[in-house]
Amino acid sequence: MLSSLRALFNLLQQQRPENLGVSKANPVLKTIFERRTIRNFKPDPIPEEILRLITDSARYAPSGVNLQTYSLLILRANEWVQKTKVQLPFGAPLNILLLGDFHKIRLAIDINIEAPMAEFSIALVNASLAAQNIVLAAHSLGLGTAILMDSPFGLSDSKKLVKDLDLPKHVFPICSILLGYPVGTLPPIPPRIDHEGVVFSSNYMKQEDLSPIIGSWWKQFEAAYMISRKKSLRKRLDEHYSPLFIKTENSLKETLFRNESDE
Ligand SMILES: Cc1cc2nc3c(=O)[nH]c(=O)nc-3n(C[C@H](O)[C@H](O)[C@H](O)COP(=O)(O)O)c2cc1C
(Lines give C-alpha, C1' and ligand atoms only; values in the text may rest on other atoms or scores of the structure.)
Protein backbone atom coordinates (compact mmCIF):
# COMPACT_ATOMS: atom_id res chain seq x y z
CA MET A 1 0.00 0.00 0.00
CA LEU A 2 2.72 2.41 1.09
CA SER A 3 4.95 1.50 -1.86
CA SER A 4 2.14 2.06 -4.39
CA LEU A 5 1.41 5.44 -2.79
CA ARG A 6 5.09 6.28 -3.05
CA ALA A 7 5.13 5.24 -6.72
CA LEU A 8 2.11 7.45 -7.40
CA PHE A 9 3.78 10.33 -5.61
CA ASN A 10 7.01 9.90 -7.61
CA LEU A 11 5.03 9.79 -10.85
CA LEU A 12 3.25 13.01 -9.94
CA GLN A 13 6.60 14.59 -9.13
CA GLN A 14 8.00 13.72 -12.54
CA GLN A 15 4.97 15.18 -14.29
CA ARG A 16 5.35 18.61 -12.76
CA PRO A 17 6.35 21.16 -15.45
CA GLU A 18 9.09 22.59 -13.24
CA ASN A 19 10.73 19.15 -13.29
CA LEU A 20 10.71 18.89 -17.07
CA GLY A 21 13.80 20.99 -17.53
CA VAL A 22 11.89 24.16 -18.50
CA SER A 23 13.64 26.20 -15.85
CA LYS A 24 17.10 24.76 -16.11
CA ALA A 25 18.44 27.48 -18.40
CA ASN A 26 17.48 30.28 -16.01
CA PRO A 27 19.18 30.30 -12.61
CA VAL A 28 16.49 32.43 -10.93
CA LEU A 29 13.66 30.11 -12.04
CA LYS A 30 15.80 27.08 -11.19
CA THR A 31 16.23 28.42 -7.63
CA ILE A 32 12.49 29.17 -7.30
CA PHE A 33 11.38 25.73 -8.48
CA GLU A 34 14.07 23.77 -6.65
CA ARG A 35 13.87 25.34 -3.16
CA ARG A 36 12.29 23.12 -0.53
CA THR A 37 11.65 23.46 3.18
CA ILE A 38 14.49 21.69 4.99
CA ARG A 39 13.76 19.75 8.17
CA ASN A 40 17.20 18.23 8.81
CA PHE A 41 20.23 20.52 9.23
CA LYS A 42 23.95 19.94 9.76
CA PRO A 43 25.32 21.66 12.87
CA ASP A 44 27.95 23.48 10.73
CA PRO A 45 28.15 27.22 11.41
CA ILE A 46 27.27 29.67 8.63
CA PRO A 47 30.17 31.89 7.48
CA GLU A 48 29.55 35.56 8.32
CA GLU A 49 29.89 36.74 4.70
CA ILE A 50 27.27 34.20 3.60
CA LEU A 51 24.89 35.29 6.37
CA ARG A 52 25.47 38.89 5.33
CA LEU A 53 24.56 38.15 1.70
CA ILE A 54 21.40 36.29 2.70
CA THR A 55 20.22 38.99 5.11
CA ASP A 56 21.08 41.73 2.61
CA SER A 57 18.82 40.01 0.08
CA ALA A 58 15.97 40.79 2.50
CA ARG A 59 16.88 44.50 2.50
CA TYR A 60 16.48 44.56 -1.27
CA ALA A 61 12.90 43.25 -1.29
CA PRO A 62 10.17 45.63 -2.49
CA SER A 63 8.12 47.31 0.26
CA GLY A 64 5.15 49.69 0.37
CA VAL A 65 6.37 53.33 0.12
CA ASN A 66 9.86 51.80 0.64
CA LEU A 67 9.09 51.81 4.39
CA GLN A 68 10.88 48.47 4.96
CA THR A 69 8.72 47.71 7.98
CA TYR A 70 10.61 44.64 9.16
CA SER A 71 13.71 43.68 11.13
CA LEU A 72 15.68 40.46 11.30
CA LEU A 73 16.78 39.24 14.71
CA ILE A 74 19.59 36.69 14.34
CA LEU A 75 19.83 34.11 17.12
CA ARG A 76 22.26 31.20 17.15
CA ALA A 77 20.81 27.92 18.50
CA ASN A 78 22.36 28.44 21.95
CA GLU A 79 21.14 32.05 22.19
CA TRP A 80 17.64 31.01 21.16
CA VAL A 81 17.49 28.35 23.89
CA GLN A 82 18.90 30.74 26.47
CA LYS A 83 16.27 33.39 25.74
CA THR A 84 13.18 31.32 24.99
CA LYS A 85 13.95 28.07 26.89
CA VAL A 86 12.99 26.13 23.74
CA GLN A 87 15.31 24.22 21.36
CA LEU A 88 15.44 25.12 17.68
CA PRO A 89 13.96 22.14 15.78
CA PHE A 90 15.55 20.04 13.02
CA GLY A 91 19.09 20.60 14.37
CA ALA A 92 19.18 24.13 12.90
CA PRO A 93 22.29 26.11 13.94
CA LEU A 94 20.65 29.54 13.54
CA ASN A 95 17.30 31.30 13.49
CA ILE A 96 16.42 34.51 11.68
CA LEU A 97 13.39 35.79 13.56
CA LEU A 98 11.39 37.94 11.18
CA LEU A 99 9.80 40.93 12.90
CA GLY A 100 7.12 43.27 11.62
CA ASP A 101 8.43 46.66 12.66
CA PHE A 102 6.65 50.02 12.77
CA HIS A 103 8.78 51.07 15.75
CA LYS A 104 11.60 52.34 13.56
CA ILE A 105 9.21 54.33 11.36
CA ARG A 106 8.24 56.14 14.57
CA LEU A 107 11.92 56.95 15.06
CA ALA A 108 11.91 58.65 11.65
CA ILE A 109 8.62 60.57 11.85
CA ASP A 110 5.79 61.42 14.23
CA ILE A 111 2.85 59.11 13.66
CA ASN A 112 -0.27 60.44 15.29
CA ILE A 113 -2.59 57.63 14.37
CA GLU A 114 -3.11 54.33 16.12
CA ALA A 115 -3.90 51.83 13.37
CA PRO A 116 -2.50 48.50 14.59
CA MET A 117 -4.39 46.29 12.12
CA ALA A 118 -3.33 48.37 9.12
CA GLU A 119 0.26 48.55 10.37
CA PHE A 120 0.27 44.82 11.00
CA SER A 121 -1.07 44.00 7.53
CA ILE A 122 1.41 46.27 5.75
CA ALA A 123 4.33 45.00 7.82
CA LEU A 124 3.24 41.41 7.20
CA VAL A 125 3.21 41.83 3.43
CA ASN A 126 6.56 43.64 3.41
CA ALA A 127 8.15 41.10 5.75
CA SER A 128 6.82 38.18 3.69
CA LEU A 129 8.54 39.54 0.59
CA ALA A 130 11.78 39.88 2.58
CA ALA A 131 11.36 36.29 3.80
CA GLN A 132 10.98 35.03 0.26
CA ASN A 133 14.24 36.73 -0.74
CA ILE A 134 15.95 35.06 2.24
CA VAL A 135 14.81 31.54 1.40
CA LEU A 136 15.70 31.90 -2.28
CA ALA A 137 19.09 33.53 -1.61
CA ALA A 138 19.88 30.80 0.93
CA HIS A 139 18.99 28.03 -1.52
CA SER A 140 21.04 29.63 -4.30
CA LEU A 141 24.06 29.57 -1.95
CA GLY A 142 23.62 25.89 -1.02
CA LEU A 143 21.90 26.48 2.32
CA GLY A 144 18.47 25.37 3.44
CA THR A 145 15.66 27.14 5.28
CA ALA A 146 12.49 26.28 7.15
CA ILE A 147 9.93 28.98 7.83
CA LEU A 148 8.16 28.27 11.13
CA MET A 149 5.05 29.96 12.37
CA ASP A 150 4.06 27.19 14.72
CA SER A 151 4.20 27.71 18.46
CA PRO A 152 6.58 29.02 19.84
CA PHE A 153 8.38 30.30 16.75
CA GLY A 154 6.22 33.11 15.40
CA LEU A 155 2.81 34.76 15.37
CA SER A 156 1.20 32.05 17.47
CA ASP A 157 3.39 32.96 20.41
CA SER A 158 4.02 36.60 19.64
CA LYS A 159 3.25 37.63 23.23
CA LYS A 160 5.82 35.21 24.68
CA LEU A 161 8.46 36.20 22.14
CA VAL A 162 7.92 39.92 22.74
CA LYS A 163 8.64 39.24 26.41
CA ASP A 164 11.50 36.75 25.98
CA LEU A 165 13.29 38.93 23.47
CA ASP A 166 12.41 42.29 25.03
CA LEU A 167 10.89 43.76 21.86
CA PRO A 168 9.59 47.35 21.82
CA LYS A 169 5.97 48.29 21.15
CA HIS A 170 5.02 48.27 17.44
CA VAL A 171 7.38 45.34 16.84
CA PHE A 172 5.82 41.90 16.47
CA PRO A 173 7.34 38.51 15.71
CA ILE A 174 6.00 37.01 12.46
CA CYS A 175 7.93 33.81 11.89
CA SER A 176 11.22 32.08 12.37
CA ILE A 177 13.42 31.25 9.39
CA LEU A 178 15.72 28.40 10.34
CA LEU A 179 18.94 28.54 8.36
CA GLY A 180 21.73 26.01 7.88
CA TYR A 181 23.33 23.47 5.60
CA PRO A 182 20.89 20.68 4.68
CA VAL A 183 21.56 17.01 5.39
CA GLY A 184 21.16 14.77 2.33
CA THR A 185 19.20 15.45 -0.82
CA LEU A 186 16.28 17.86 -1.12
CA PRO A 187 12.90 16.48 -0.04
CA PRO A 188 10.19 16.04 -2.70
CA ILE A 189 7.80 18.90 -3.40
CA PRO A 190 4.51 18.73 -1.50
CA PRO A 191 1.83 18.70 -4.23
CA ARG A 192 0.82 22.10 -5.51
CA ILE A 193 -2.68 22.98 -6.72
CA ASP A 194 -2.79 22.69 -10.52
CA HIS A 195 -2.24 25.83 -12.58
CA GLU A 196 -5.96 25.98 -13.55
CA GLY A 197 -6.99 26.04 -9.90
CA VAL A 198 -4.79 29.00 -9.08
CA VAL A 199 -4.56 31.16 -12.17
CA PHE A 200 -7.95 32.31 -13.46
CA SER A 201 -8.52 34.17 -16.68
CA SER A 202 -10.91 37.16 -16.58
CA ASN A 203 -13.36 35.56 -14.10
CA TYR A 204 -13.09 33.58 -10.87
CA MET A 205 -13.65 29.90 -11.71
CA LYS A 206 -17.14 28.47 -11.12
CA GLN A 207 -17.41 26.29 -8.02
CA GLU A 208 -18.37 23.16 -10.00
CA ASP A 209 -15.19 23.49 -12.09
CA LEU A 210 -12.92 24.39 -9.19
CA SER A 211 -14.13 21.71 -6.77
CA PRO A 212 -12.71 18.67 -8.66
CA ILE A 213 -9.35 20.42 -9.15
CA ILE A 214 -9.12 21.18 -5.43
CA GLY A 215 -10.41 17.71 -4.52
CA SER A 216 -7.75 16.01 -6.63
CA TRP A 217 -4.98 18.19 -5.16
CA TRP A 218 -6.19 17.52 -1.60
CA LYS A 219 -6.07 13.74 -2.18
CA GLN A 220 -2.47 13.98 -3.43
CA PHE A 221 -1.57 16.26 -0.55
CA GLU A 222 -3.03 13.89 2.06
CA ALA A 223 -1.17 10.92 0.53
CA ALA A 224 2.11 12.83 0.34
CA TYR A 225 1.68 14.09 3.92
CA MET A 226 1.13 10.54 5.17
CA ILE A 227 4.32 9.39 3.41
CA SER A 228 6.55 12.23 4.57
CA ARG A 229 5.16 12.86 8.08
CA LYS A 230 3.78 9.40 8.89
CA LYS A 231 0.56 10.92 10.19
CA SER A 232 -2.88 11.89 8.94
CA LEU A 233 -3.19 15.46 7.68
CA ARG A 234 -6.88 15.63 8.69
CA LYS A 235 -6.02 14.51 12.24
CA ARG A 236 -3.15 17.00 12.41
CA LEU A 237 -5.44 19.83 11.28
CA ASP A 238 -8.12 18.93 13.83
CA GLU A 239 -5.87 18.23 16.78
CA HIS A 240 -3.03 20.69 16.26
CA TYR A 241 -3.82 23.49 13.82
CA SER A 242 -7.41 24.31 14.85
CA PRO A 243 -6.45 25.08 18.48
CA LEU A 244 -3.28 26.79 17.20
CA PHE A 245 -5.35 29.18 15.06
CA ILE A 246 -7.34 30.21 18.14
CA LYS A 247 -4.16 30.63 20.17
CA THR A 248 -2.63 32.72 17.37
CA GLU A 249 -5.73 34.90 17.16
CA ASN A 250 -5.62 35.65 20.89
CA SER A 251 -1.87 36.13 21.11
CA LEU A 252 -1.90 38.44 18.11
CA LYS A 253 -4.69 40.61 19.49
CA GLU A 254 -2.76 41.02 22.73
CA THR A 255 0.43 41.91 20.87
CA LEU A 256 -1.17 44.34 18.44
CA PHE A 257 -3.32 46.09 20.99
CA ARG A 258 -0.85 46.13 23.84
CA ASN A 259 -0.90 49.23 26.03
CA GLU A 260 1.94 51.40 27.23
CA SER A 261 1.18 49.98 30.71
CA ASP A 262 2.13 46.51 29.41
CA GLU A 263 5.70 47.71 28.65
C1 LIG B 1 4.09 31.09 6.87
C2 LIG B 1 4.68 29.70 6.90
C3 LIG B 1 4.65 28.99 8.08
C4 LIG B 1 5.19 27.71 8.14
N5 LIG B 1 5.24 27.05 9.33
C6 LIG B 1 5.82 25.83 9.39
C7 LIG B 1 5.94 25.16 10.64
O8 LIG B 1 5.53 25.68 11.68
N9 LIG B 1 6.51 23.93 10.66
C10 LIG B 1 7.01 23.34 9.53
O11 LIG B 1 7.55 22.24 9.60
N12 LIG B 1 6.91 23.96 8.31
C13 LIG B 1 6.33 25.18 8.23
N14 LIG B 1 6.26 25.84 7.01
C15 LIG B 1 6.77 25.18 5.78
C16 LIG B 1 5.61 24.67 4.93
O17 LIG B 1 5.08 23.50 5.51
C18 LIG B 1 6.13 24.43 3.50
O19 LIG B 1 6.53 25.65 2.95
C20 LIG B 1 5.06 23.81 2.60
O21 LIG B 1 4.71 22.53 3.05
C22 LIG B 1 5.55 23.71 1.17
O23 LIG B 1 6.75 22.96 1.10
P24 LIG B 1 8.08 23.56 0.44
O25 LIG B 1 8.46 24.79 1.23
O26 LIG B 1 9.11 22.48 0.56
O27 LIG B 1 7.77 23.91 -0.97
C28 LIG B 1 5.74 27.12 6.96
C29 LIG B 1 5.76 27.87 5.77
C30 LIG B 1 5.25 29.14 5.75
C31 LIG B 1 5.31 29.94 4.46
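Student: How many bridges join strand β2 to β4, and which way do they run?
Tutor: This is a predicted model. In it, 8 bridges join β2 (residues 94-101) to β4, and the two strands run antiparallel.

Student: Which residue in β4 is the bridge partner of Ile-96?
Tutor: Ile-177 in β4 is the bridge partner of Ile-96. Ile-177 is also the bridge partner of Ile-147.

Student: Which residues of β3 point which way?
Tutor: Gly-144, Ala-146 and Leu-148 point one way. Thr-145 and Ile-147 point the other way. Side chains in a regular strand alternate between the two faces of the sheet.

Student: New topic. Which residues are around the ligand?
Tutor: Arg-36, Thr-37 and Arg-39 are among them. The shell also includes the run Ala-146, Ile-147, Leu-148, Met-149 and Asp-150. Cys-175, Ile-189 and Pro-190 complete the list.

Student: Which element gives the most to that shell?
Tutor: Strand β3, with 3 residues.

Student: How does the shell divide by class?
Tutor: Into 7 nonpolar, 1 polar and 3 charged residues.

Student: Now the helices. What angle do α2 and α6 make?
Tutor: The axes of α2 (residues 27-34) and α6 (residues 116-140) cross at roughly 105° and come within 9 Å. The two helices are therefore roughly perpendicular to each other.

Student: Which residues meet there?
Tutor: From α2, Thr-31, Ile-32 and Glu-34. From α6, Leu-136, His-139 and Ser-140. By class, the contact has 2 nonpolar, 3 polar and 1 charged residues.

Student: What about Gly-180? Where is it found?
Tutor: Gly-180 is in strand β4.

Student: Why does Gly-180 count as buried?
Tutor: Because Gly-180 has 26 C-beta neighbours inside 10 Å. The cut-off for buried is 20 or more.

Student: Which residues is Gly-180 in contact with, leaving aside its neighbours within four places in sequence?
Tutor: Phe-41, Lys-42, Ile-46, Ala-92, Pro-93, Leu-94, Leu-143 and Gly-144.

Student: How far is Gly-180 from Gly-91?
Tutor: They are 89 residues apart in sequence. In space, the C-alpha to C-alpha distance is 8.9 Å.

Student: Zoom out. How many helices and strands does the protein have?
Tutor: It has 9 helices and 4 strands. Along the sequence the pattern reads α-α-α-β-α-β-α-α-β-α-β-α-α.

Student: How much of the protein counts as buried?
Tutor: 24% of its 263 residues.

Student: And what share of contacts joins residues at least 24 apart?
Tutor: 75%, among contacts between residues at least 6 apart in sequence.

Notes. Residues are numbered from 1 along each chain as its sequence is written. This is a predicted model: local features need pLDDT of at least 70, side-chain atom pairs count only at pLDDT 80 or more; totals for chains, interfaces and linings use all residues. Axes are lines fitted to C-alpha atoms, for helices over the stretch in contact, and angles run from 0 to 180 degrees between N-to-C directions. Angles under 35 degrees count as roughly parallel, over 145 as roughly antiparallel, 65 to 115 as roughly perpendicular and the rest as oblique. Two residues are in contact if their C-beta atoms, placed from the backbone, lie within 7 Å. Ala, Val, Leu, Ile, Met, Phe, Trp, Tyr, Cys and Pro count as nonpolar, Asp, Glu, Lys and Arg as charged, and the others, Gly among them, as polar. A residue is near a molecule or strand if its C-beta atom, placed from the backbone, lies within 6 Å of it. A residue is buried if 20 or more other C-beta atoms lie within 10 Å of its own, exposed if 12 or fewer, and partly exposed in between; C-beta atoms are placed from the backbone. Two strands pair if DSSP finds at least two bridges between them.
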